[in-house]
Each structure stands twice: as structure tokens, then as C-alpha cells.
Amino acid sequence: MQATPKGRANGIAFTAGWLVLLAVLVTVVVLAGSGGDALGNDDGAASWTLWLKLGLGVLFLLMDVKHWQDRPREGRAAGQPGRRAG
């Protein structure tokens, strides 16, 4: 990244984007975890946190199924990972 013609700008943009994404991720984890309880109803947990956890569980399950389906079949060698043009 630093070897490109706009290396300094690319590096700063990458770092800033990484920090923003990290802050969003930490916020979601805190709200979905113990921080969501403070915003909840009488039984302790906010209903949106339960839906978020269910949605993330389904997402991870679908990603696992896709990964399992894309595995090399018996008798075939695993190829090199592909690269997207871009």
C-alpha cells in the first residue's frame, strides 16, 4: 500500500477506516452484550439484542454451510485461493 503513487493517502485512509470499523464493532458488541440489558424491559434483555444475536447466529451458520460446500472434493487437490480483479 505504501509503495503505490498515493501511498501516504492510502495508508491514512486505511487506518482511519480500520479505526472507524473497530469502533462500530465494539459499540455493537457492547450493546448486544451486557450494555443492551440497561435498555431492556423488565426481564432484563432488550428484545432487539435477542434478534441481533439470532441474526448473527444464522449468518455464521450460512457462512459455515457455504464454506463446507466449497471444500475440495475427495480425490481432488485444493487449488490456490483466487484473487478478484479490482
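The following exercises, with worked solutions, concern the predicted model shown above.

Residues are numbered from 1 along each chain as its sequence is written. Because the model is predicted, local features need pLDDT of at least 70 and side-chain atom pairs count only at pLDDT 80 or more, while totals for chains, interfaces and linings use all residues; side-chain values use heavy atoms, without hydrogens or water.

**Exercise 1.** Determine how many helices and strands the protein has.

*Solution.* Helices (H or I, at least four residues) and strands (E, at least two) are DSSP runs, numbered from the N terminus. The protein has two helices and zero strands. Helix 1 covers residues 7-32 and holds phenylalanine 14, and threonine 27 also lies in helix 1.

**Exercise 2.** Classify phenylalanine 14 and threonine 27 as buried, partly exposed or exposed.

*Solution.* Buried means under 20% relative accessible area, exposed over 50%, and partly exposed in between (1.4 Å probe, protein chains only). Phenylalanine 14 has 49% relative accessibility, so it counts as partly exposed. Threonine 27 has 44%, and therefore also counts as partly exposed. Of the 86 residues of the protein, 7% count as buried.

**Exercise 3.** Locate the salt bridge found in the whole structure.

*Solution.* The criterion is a side-chain nitrogen of Lys or Arg within 4 Å of a carboxyl oxygen of Asp or Glu.

**Exercise 4.** Identify the residue that lies over the face of tryptophan 68.

*Solution.* A charge sits over a ring if NZ of Lys or CZ of Arg is within 6 Å of the ring centre and within 35 degrees of the ring normal. Arginine 71 lies over the face of tryptophan 68, 4.1 Å from the ring centre.
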